[in-house]
Amino acid sequence: MATATHRIPGSASNIAYVPADHEPVLLPELLEVLDLEEGQTVLDCTFGAGGHARAVADVLGADGELICVDRDPSTRERWADFAETAPCRTRYLQANFVSALEGLRGEGVRPDSIYMDLGMSSMQVDAWDRGFSYAYDAPLDMRMDPSQEMTALTVCNEWPQQKIARCLSEYGEERRAGAIAREIVARRPLSTTSELVAAVKAAIPPAERFGRGNPAKRTFQAIRIAVNAEIESLDLALPLAWERLPVGGRLAVISFHSLEDRPVKRFLADRAKGCVCPPEIPVCVCGREPEAELITRRAIAPTPDEVDRNPRSASAHLRCGLKLRFADPTEAGS
Ligand SMILES: C[S@@+](CC[C@H](N)C(=O)[O-])C[C@H]1O[C@@H](n2cnc3c(N)ncnc32)[C@H](O)[C@@H]1O
């Protein structure tokens, strides 16, 4: 594995080094909104190649701890490399971040900051045989955790046509969802990514087959999100993560499309809301105080420079909230 490092332009010198084969998205911005301090405990819910983790670990120092989670077992080796030279204590959990957060609740651990960098990693896309990419011919798999039963084969070969169409429309925002679902069902059984690409191409008008980008991109995104239950995991994880933070703790999420950004935005905005009395009531009777301060009033997007360097960052959005109080003060002790 590459251990060479390179500097991220624009970041402070003590946080500048990451693996040469991976550039973490919105790194200086993430560090700024988390406002970490030496000696803190931090939870990285999506370790991936450890790009964000390395920079965070540099800030935490020898007295700090970085808990690293990823549902993809192939990240364990990356973490082991990271752990060899990490400047802070670190441990690794191969798990969905939902179960990792539940486990930390069981242990009574309260990280000072929690962050998530959603979606798939470039390593997953580049592992040709895992079926994430329409660019390689591979079995229809797309599982982040290969021990999970459901694969892209399940979606393509077992789901009813209507359900496939809904998935493509909702998770892929695919205009031709109905036609593509019909074509997938007509071509069953599908077994490879090339067969799925061929089904998409056959379902759309010829003029759209050769436009900008691969016409199967949205279909692959939708099926991957469904296979890995990505939106369900995020919906479950946000309240668990928030509950784990101490007062003064921060939750930051980097998302890559509106399906992910919307629930994060709504979740933080709800917590930042104070009085919810109807406007016709002159004096507040609900007594509700905001639980959160929005560190990012609007989502932070990458700079044009970052997008030039790393086109994958183009659709990234970063949001962060600071916990002001426990909704239920009895939770503070758990
Ligand atoms: C965009 S990559 C993270 C990259 C990482 N921040 C870095 O700098 O190298 C997303 C990672 O999150 C993992 N992941 C996605 N959803 C997850 C979930 N629900 N639970 C745990 N890990 C998840 C994926 O397996 C992938 O490795």
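The legends below describe close-up views of a predicted model.

**View 1. The largest pocket and the residues at its centre.**
The largest pocket has a volume of about 1100 Å³. Its lining consists of 31 residues. Nearest the centre of this pocket lie Tyr134, Lys217, Arg218, Gln221 and Ser315. Sorted by class, the lining of the largest pocket comprises eleven nonpolar, nine polar and eleven charged residues.

Two elements, α10 (206-209) and α11 (217-227), each give two or more residues to the lining of the largest pocket. Of the elements, α11 gives the most, with five residues.

The ligand is surrounded by 25 residues. The closest of these are His52, Asp70, Phe97, Asp117 and Gln124.

The side chain of Asp117 has an N or O atom 2.8 Å from a nitrogen atom of the ligand. For Arg71, a polar backbone atom is 3.1 Å from a nitrogen atom of the ligand. For Thr46, a backbone N or O atom lies 3.4 Å from a nitrogen atom of the ligand. The ligand taken alone exposes 600 Å², and the protein buries 99% of that area.

**View 2. The largest cavity and the residues at its centre.**
One cavity of 30 Å³ or more is present in the structure. The volume of the largest cavity is about 400 Å³. Its lining is made up of 31 residues. Thr46, Asp70, Asp117, Leu118 and Gly119 are the lining residues nearest the centre of the largest cavity. Elements giving two or more residues to this lining are α2 (51-60), α5 (122-126) and α12 (230-244). By class, the lining of the largest cavity has ten nonpolar, 14 polar and seven charged residues. Asp117 is among the residues nearest the cavity centre, and Asp117 is also among the residues closest to the ligand.

**View 3. The cis peptide bond at Pro189.**
Arg188 and Pro189 are joined by a cis peptide bond, with omega about 0°. Pro189 sits in the loop that runs between α8 (177-186) and α9 (193-203).

**View 4. The backbone at Asp35.**
Asp35 has a phi near 50°, which is a positive value in a residue other than glycine. The loop between α1 (27-34) and β3 (41-44) contains Asp35.

Notes:
Residues numbered from 1 in each chain as written. Predicted model: local features only at pLDDT ≥ 70, side-chain atom pairs only at ≥ 80, totals over all residues. Heavy atoms only, no water. 1 Å grid on protein atoms, 1.4 Å probe; cavity = no way out; pocket = protein on both sides within 12 Å on 5 of 7 lines; lining within 4 Å. Points joined across faces, edges and corners; volume = space filled by probe spheres on them. Helix = DSSP H or I, 4+ residues; strand = E, 2+ residues; numbered from the N terminus. Nonpolar A, V, L, I, M, F, W, Y, C, P; charged D, E, K, R; others polar. Near = heavy atom within 4 Å. Polar contact = N/O pair within 3.5 Å; in protein donor to acceptor, adjacent residues only side chain to side chain. Areas by Shrake-Rupley, 256 points an atom, 1.4 Å probe, with all protein chains shown as cover.
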